[in-house]
Amino acid sequence: GARAITAGGLLSLPKTVFPGGALVGCDAGYLNASRIKGSHAAIKTGMLAAEAAFEALAAGRSRDELSAYPEAFENSWLYTELNKARNFKQWFKKGRTVGSLMTGIEQFVLRGHIPWTLHREQADHTYLKPAAECAVIEYPKPDGKITFDRLSSVFISNTNHEENQPAHLTLKDASVPVQINLAKYGGPEARYCPAGVYEYIKSPAGADQLQINAQNCVHCKTCDIKDPTQNIVWVTPEGGGGPNYGSM
C-alpha cells in the first residue's frame, strides 16, 4: 500500500523481535530519512534476520526470539549510518532554517560524530493544534493536468476490497469525531487521509456525522498515526485487498 513513511530512524525503532518472528526494513522503521533511502536498509536487516533464523534452526530452536538479530544490527554498518542521522527529523521539527543549519553542522562539520541526541517525548498526534489557533488554508482546485483530486488518484491506484468483508476501520466511540475532532480540530481526518476515506456529511436531520468509506483505503495508516483522540481502530484487512499499482 501507500504506507505513511516511518521517518523517525534509529530513535523510533521498536523492539524488532518477538517469539517466532521479526520486523525488518520499513516495517520496523530502518529508513535513513536524511538520504530518503531505505531499500539498502531493508535488504541488510533482512539478511541479518535470515542469518539469525538460520542459526536458530541449526541449533534446533523454535518459538523463541531471534536475539542475535538486533545484536547483529547494532554491530553493523547500518547502525553506524542511522546513528549519524539520528537527529535529522527532530531538527526539522524546529523549522527549515534550524533543520538545514544543524543538519549541515552534524553531517559536514562533525561528520556524524554528534555529542548530543534530540528526543521527542510525545506521540505524533499530540502535536496537533486546535483549529482556532491555525490560519485557514485555501487550496486551489485540482487542474486535472498537474494536480488531481483525491478520488481520481484512488481510482488510478486500483484500490479494491471485497464488499462482504468486515470493515477494517472502526471507531471506539462514534460520538468523538463530531463532538471533539470536528468541533475542536476542524475534522482533520477529512484532510490528512489521502484517499477520502473519512468524510463529514449531513444526516437526514441536518446534523454533522462522520462517514467512513473503507473501500477507498490505501493502507497508509496515517489515520492511525494522526487521529488526535486515537479513536480510530485500524486492523489488517483481508489479504489481497487494497491498492494495486500495476495500472500506474
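## How the spaces are defined

On a 1 Å grid over the protein atoms alone, a pocket is an open set of points with protein on both sides within 12 Å along at least five of seven lines, while a cavity is a set of points where a 1.4 Å probe fits but cannot get out; lining residues have an atom within 4 Å of a point. Grid points are joined across faces, edges and corners, and a volume is the space filled by probe spheres set on the points.

This is a predicted model, where local features need pLDDT of at least 70, side-chain atom pairs count only at pLDDT 80 or more, and totals for chains, interfaces and linings use all residues. Residues are numbered from 1 along each chain as its sequence is written, and side-chain values use heavy atoms, leaving out hydrogens and water.

## The pockets

The largest pocket holds about 850 Å³ of space. Its lining has 22 residues, and Ala135, Ile137, Tyr139, Pro188 and Arg191 lie nearest its centre.

Next comes the second largest pocket, with a volume of about 730 Å³. Here, too, the lining is made of 22 residues, with Thr6, Ala7, Gly8, Ser12 and Asp124 nearest the centre.

## The cavities

How many cavities of 30 Å³ or more does a search of the whole structure find? There are three. The largest cavity contains about 70 Å³ of space. It is lined by 14 residues, and Gly8, Gly9, Leu31, Ala33 and Ala85 are the closest to its centre.

The second largest cavity has about 60 Å³. Among its 13 lining residues, Cys193, Val197, Cys217, Cys220 and Cys223 lie nearest its centre.
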